[in-house]
Each structure stands twice: as C-alpha cells, then as structure tokens.
Amino acid sequence: MAQARLTIDLAALRANWRSLADMAQAEAGAVVKADAYGLGLSQVAPALAAEGARRFFVAIAEEGAELRRILGPGPEICVFSGHMAGDAGLIRDAQLTPMINSIDQMLRHVESLPGHGFGIQLDSGMNRLGMEPAEWSALRDIALSQHPALIMSHLACADEPDHPMNARQLQAFRQMTDGIEAPRSLSATGGVLLGPDFHFEVTRPGIGVYGGLPFVDARPVAFVDLPVIQVRDVEPGETVGYGNTWTAERPTRVATVAAGYADGILRTMSHKAHLWAGETRCEVLGRISMDLIGVDVTAVAETPQSLELLGRHQSVDTLADWAGSIGYEILTSLGARYARTYTGA
C-alpha cells in the first residue's frame, strides 16, 4: 500500500484529559472543534465522554450538530461563535449552548429561541470574540436574570507563563464577573497550567489533550508512518526533487515516501525535517512535494518499508518548529488520505 498511516492512541488522549482535569478543583470540559483537532470527532468525543467529560466546546453550530449526533442527549455542547444568523434551527434541534458574543447576538437569541439556554463570552483583552466591558455592563443584569450556563473568556498568552498579559486578563475577567452565580471559565490548556487563580469553575482543555505544548507531560496521541515506494542510489552532483535544491555531495541512498503537503506535511519543513527508520534519524532531502518526499536512508542497514514522521521520536511541536508554525496547525492539517487506526478505545 502506498497510503500513509495515522494511528490515534485514544488511551493516551484520555490520560492527557484526565491529567489536565485533575490539575484543577473545577469541572473540566473538552475542546473538540475542527474535527477534534483533526483526529476524528466521531472517535475522540466518545472517548472523552467515557472518561468523564460532560461539557464540550466547538467553534460553530454545524460542528455542534454533528457532535450531538455522535454523543446523543446529555452532554452540554457550547458553541464559541455564539448565535449567528441562520443558526436557530441547529441550536434548537441539537440542543446547543451558544456563547453569546454581542448585544446583537443576544437579541437574535432571545427573539428566535426564547427560553433556550445560552452562555456569555467576554473580551478580557484579546480583542477577538466576546463582549467588551462597556457592552457587558449594559447587558449584564438582563443576561444574568436569564441564568446563563457559563461566562467565559480566552487568554491570549497562556502558553507564555511570565507574560504580563495573563495577569491583566485575569484582573479584567474578575472585574467583569466577580459576584455572579453563573459558572466561569477562563482557561484552556495553557491557563490550566498557570495555576488555581486561572481555573474558576470550568476549564477547557484542548491542545494538551491531543499531545501538544504547552503541556510538556502530555503523552503522544498521533503517530504517522510513511510508506517507502522506491529506493535509489544518487551519485555526487545529482539532485533530488523540484528546483534542484539539494545536491548530493557523496553517494547517497534515497528513499521516496508516499506523502507530502497534501497530507499536512507542510512545504516549509523542506530542508529541515527528519524521519526515523527505527533508531536511525534520516534527513529529508530537497523540497517536500504534494505526494512525495525524498529521504536520506544511507545509514539504514536494511531497506525500510516505512519511515516514522510522528511518534516516539518527534512530536507535533517538533514538526511545527520545522514549519515555523504551532502544533495546532500540524494536527489540523493532517489530510484525509491517511489510513486511520484507533487504538486504546
């Protein structure tokens, strides 16, 4: 088979969620937006529900409706984008909890779905989603009288523990929410790691559940192996790949593996990335193309059948460093061509 393999360890995923949940004296939700960070909503969400997650977070109402189909009645499903025009039917039928981001969204919600539950998202300084302090002040009494399910905000710099923005946002969030009875949520993975002051009543573990930083103790969840299609001997002076960007300086054994940027192996990793054959580190040669990558396997004793991209030797954040990106992008960029296997269910 010339199909790359993606293995998702659900036992590791559950263990990561449990570790993050146990760090706080709070309810732990689970962020499963973007098809569970690219690892498969239909497999990941039930695993997290089985581990104890009862409140899930998605980006848009369409994701929420699909999650409700998967999980059935019971778990709460919060929608970060709130109540957009045209969402009323999905919110009602799937029993979603929109996180209201503005006065306009609040009016839309109470007019189209009177009595239907909702949450509130506040802007504590990130300037992305949520009500700013003045807007919240105008709406606060009316909103609280309808008993919102959750009041939340989002940290901009939680992956940098010493960044002064964290303290500023914590202070702003407290100023906007102290004294209310509704549960509050400020922290995703990075915020959980910042400590108890940031935990409030609900946390929202995300990237750490999937094995990414800043949760340095996370167990790896995604494993990628790339099949070798062909191996050839390249002589000094010969080149590999588009643009002749790599030239052999010595006799080199080159394996061509079946994967490329169409599979989320970003082109910007060219000339930086490595794969592994057992315990042997193998340099990627030349440019990463859509479906194929050249790899130096000169030091490998026997011709390998496949090479490891993600797994025991390197994480999503290793790949992200090569790409000048973050682990989130690596996970969510994994394409649909992988032969997916789930273990530890």
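Hello everyone, and thanks for coming. Before we look around, please keep in mind that this is a predicted model.

Let's begin with the helices. Two packed helices are described by the angle between their axes and the distance between the axes. Our opening pair is helix α1, residues 10-22, and helix α3, residues 41-51. Their axes come within 10 Å and cross at roughly 50°, which makes α1 oblique to α3. As for handedness, α1 passes α3 in a right-handed crossing.

Which residues of α1 and α3 make the contact? On the α1 side you'll find Leu10, Leu13, Arg14, Trp17 and Arg18. On the α3 side, look for Gln43, Val44, Ala47, Leu48, Ala50 and Glu51. Sorted by class, this contact of α1 with α3 has seven nonpolar residues, one polar and three charged.

Now stay with α3, please, and turn to helix α4, residues 61-71. The axes of α3 and α4 come within 10 Å too, and the crossing is at roughly 60°. That makes α3 oblique to α4, and the crossing of these two is right-handed. Here α3 brings Leu41, Ser42, Ala45, Pro46 and Ala49, and they meet Glu63, Glu66, Leu67, Ile70 and Leu71 in α4. The classes in the contact of α3 with α4 are seven nonpolar, one polar and two charged residues.

How much space lies in the largest pocket? About 760 Å³. It is lined by 37 residues, and the closest to its centre are Arg128, His154, Leu155, Ala188 and Tyr328. If you'd like to find the pocket by its elements, those giving two or more residues to the lining are α2 (33-37), α9 (189-194), α10 (316-323) and α11 (327-333). By class, the lining has 20 nonpolar, ten polar and seven charged residues.

Which residues does a cis peptide bond join? They are leucine 213 and proline 214, with omega at about 15°.

How values were computed. Residues are numbered from 1 along each chain as its sequence is written. This is a predicted model: local features need pLDDT of at least 70, side-chain atom pairs count only at pLDDT 80 or more; totals for chains, interfaces and linings use all residues. Side-chain values use heavy atoms; hydrogens and water are left out. Axes are lines fitted to C-alpha atoms, for helices over the stretch in contact, and angles run from 0 to 180 degrees between N-to-C directions. Helices (H or I, at least four residues) and strands (E, at least two) are DSSP runs, numbered from the N terminus. Angles under 35 degrees count as roughly parallel, over 145 as roughly antiparallel, 65 to 115 as roughly perpendicular and the rest as oblique. A crossing is left-handed if the near helix is turned anticlockwise from the far one by less than a right angle, and right-handed if clockwise. Contact means heavy atoms within 4.5 Å. Ala, Val, Leu, Ile, Met, Phe, Trp, Tyr, Cys and Pro count as nonpolar, Asp, Glu, Lys and Arg as charged, and the others, Gly among them, as polar. On a 1 Å grid over the protein atoms alone, a cavity is a set of points where a 1.4 Å probe fits but cannot get out, and a pocket is an open set with protein on both sides within 12 Å along at least five of seven lines; lining residues have an atom within 4 Å of a point. Grid points are joined across faces, edges and corners, and a volume is the space filled by probe spheres set on the points.
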